[in-house]
Amino acid sequence: MEDTEARDALDTAELILHGGTVLVLDAAGSTAGSVAVAGGRIVAVGGGEVLHRWRGPNTRVIELAGRAVLPGINDSHLHASWLGARWPHTLFAAADPEAAAALSGTLVQDRAERRDAILRAGPLLSELGITSFTEPGIGPGEDAGETGSFHSEVIEIYRELAAAGELRQRVTLLALHGILDGPSDVADVVAGIRAHAEFAGESDPTWLSIPGVKIFGDLIPLSRQAWTNHEYDDGTHGELLVRGDSIEAKAAGLRDMLMAAHAAGLQVGIHATGDRTIQLALDAFVDAAAVPGTPSVRELGHVIIHGDLATPEQVARMGELGVWLNTQAGIAAHAGEWLAAMLGERVADAAWPLAAALEAGTLVLSSDAPVLDFDWRRGIAAAEDRILATGGAAAGDPAEARKRLLGLLRCYTAVPAAQDRAADWKGTVEVGKVADLVVLERDPFEVGAAGLPQVAVDLTILDGHVVFERAG
């Protein structure tokens, strides 16, 4: 495969990776042996002929020696500004519990500290092959927020870093016009939605894109605040993070927010963990798309964030509509027993429906760092564990295991690129796409999902430039 136009314009490649396994990570599971890069784009993917045709006197050739090349990792739900202020302390597994406990209140107080936090996060992510991420929820709703990490000033900093060529990852950002973890005022959120175009500003969308908004529907089952048809151990059914005098008024307000965002042509990432919240969101998206002159649900690609208690019927409907389920398998690993204590074993066993979402083509995996760490290798292993533990697949079938691993790898590369509405230019190792690549010391298919966390990241390439190279 070769870009003939690029070949006419350029005599040689700037970089060639040769002599290993190139995992294209398209739906067919295609592979190659070499990839050539010029002008920040992939210009050829193939075998030994790539080296012969594209090598010049100034070409850097990286001999893979059997190593594997993947598309750059796209962590589609990661709070980089917050991560840079907290690291190495995550919420679920603090490196030092006492130090982590002290991380309360304001973490960053001004523009300089926010900028430093973002710049600190970038190299950390590069070390694990992460070349894109979604920053899900920055904006004026949090200008008075406790940590300072979600202040609207963060958007200005991202824009400045993008313009200066200082970003270490490509950033998709969802604007937050309500309050982090709510309850949000409907009028404030709707006003923010209507002003979104002016608020988002202009940036090179391959480096910074602000396609929509984050809206908090409910909180998490572990705080008994996911709005659900199930009954918690205290007899309640959860809540919505919307100001209102009754649950009916809150539901109507949340629907108004979602309808307004869709009508404005904005992608919605809704924090929705309870089945009742998810149902409300899906119904609102369908109703909004039925209004003449509005985009379809699939065109906007709305996202159910977390979706812990999504039902099989809801997951199937997401697949039919083109709504993504963006979830974190590591949370299931940490919180399964806790959830069982609150809602019962039957509900806990059915929660985090990864197998159904993978089958429906709607599953997107992410870290939610710094809630969890940002090691996508562990995320894939945890997803495999969850699928097998809940009877979503048979453990002993090698062909099925390979197919499943291909799907899970795509959930951190090609599928989040589609969620970002950027699948035409990133997410797979194909000619014409950006040269964002990661080199692993071993082929993931040799070790399987369970062995992936032990496979080192050797190189990270962003826009055709090596931004991380493992010592030794």
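# Close-up views

**View 1: Asp463 and Arg170 form a salt bridge, with their closest N and O atoms 3.1 Å apart.** Asp463 sits in the loop between strand 15 (457-462) and strand 16 (465-469), while Arg170 belongs to strand 8 (residues 170-176), so this pair ties together parts that are 293 residues apart in sequence. Everything here comes from a predicted model, in which local features need pLDDT of at least 70, side-chain atom pairs count only at pLDDT 80 or more, and totals for chains, interfaces and linings use all residues. Residues are numbered from 1 along each chain as its sequence is written, and side-chain values use heavy atoms, with hydrogens and water left out. A salt bridge here is a side-chain nitrogen of Lys or Arg within 4 Å of a carboxyl oxygen of Asp or Glu. Helices (H or I, at least four residues) and strands (E, at least two) are DSSP runs, numbered from the N terminus. Are the two partners buried or exposed? Arg170 is buried, at 2% relative accessible area, and Asp463 is partly exposed, at 26%. Buried means under 20%, exposed means over 50%, and partly exposed is in between (1.4 Å probe, protein chains only).

**View 2: Lys250 and Glu239 meet through their side chains in a salt bridge (3.0 Å, N to O).** Lys250 is in helix 9 (residues 247-263) and Glu239 is in the loop between strand 9 (208-216) and helix 9, 11 residues apart. Lys250 counts as buried at 14% relative accessibility, whereas Glu239 counts as partly exposed at 33%.

**View 3: Lys426 and Asp420 form a salt bridge too, with 3.0 Å between the closest N and O atoms.** Take a look at both ends: Lys426 is buried at 6% relative accessibility, and Asp420 is buried at 7%. The structure holds 23 salt bridges. Some of the charged residues link up into a network, made of Arg111, Arg114, Glu153, Glu156 and Glu160.

**View 4: Eight strands line up in an open sheet with parallel pairing, in the order 6-7-8-9-10-11-12-13.** Strand 6 (73-75) and strand 13 (363-365) stand at the edges with a single partner strand each, so one side of each has no neighbour in the sheet. Neighbouring strands are turned by 25° against each other on average, direction ignored. Helix 10 (residues 275-289) packs on this sheet and touches strand 10 (267-272) and strand 11 (303-306), with its direction at about 160° to that of strand 10. For these angles, axes are lines fitted to C-alpha atoms, for helices over the stretch in contact, and angles run from 0 to 180 degrees between N-to-C directions. Over at strand 13, its parallel pairing with strand 12 (residues 324-327) has three bridges, and Leu325 has Leu363 as its bridge partner. Two strands pair if DSSP finds at least two bridges between them.

**View 5: Thr273 lies in the loop between strand 10 and helix 10.** It's buried, with a relative accessible area of 0%. Leaving aside neighbours within four places in sequence, the contacts of Thr273 (heavy atoms within 4.5 Å) include Asp218, Ile220, His306 and Asp308.

**View 6: Gln419 is part of helix 18 (residues 414-419).** Gln419 is buried, at 5% relative accessible area. Not counting residues up to four places away in sequence, Gln419 touches several others, among them Ser76, Thr134, Trp324 and Val364.

**View 7: Strand 14 (residues 437-440) is covered on both faces.** Leu437 and Val439 on one side, and Val438 and Leu440 on the other, are all buried. Strand 14 pairs with strand 5 (residues 68-71) in the antiparallel sense over four bridges, with Ala68 opposite Leu440. Strand 14 also pairs with strand 15, again antiparallel over four bridges, and there Val438 has Thr460 as its bridge partner.

**View 8: Helix 17 (residues 398-410) and helix 19 (residues 444-451) have axes that come within 10 Å and cross at roughly 75°.** The two helices are therefore roughly perpendicular (65 to 115 degrees; under 35 is roughly parallel, over 145 roughly antiparallel, and the rest oblique). Arg402, Leu405, Leu406 and Leu409 in helix 17 meet Pro444, Phe445, Gly448 and Ala449 in helix 19. By class, this contact has six nonpolar, one polar and one charged residues. Ala, Val, Leu, Ile, Met, Phe, Trp, Tyr, Cys and Pro count as nonpolar, Asp, Glu, Lys and Arg as charged, and the others, Gly among them, as polar.
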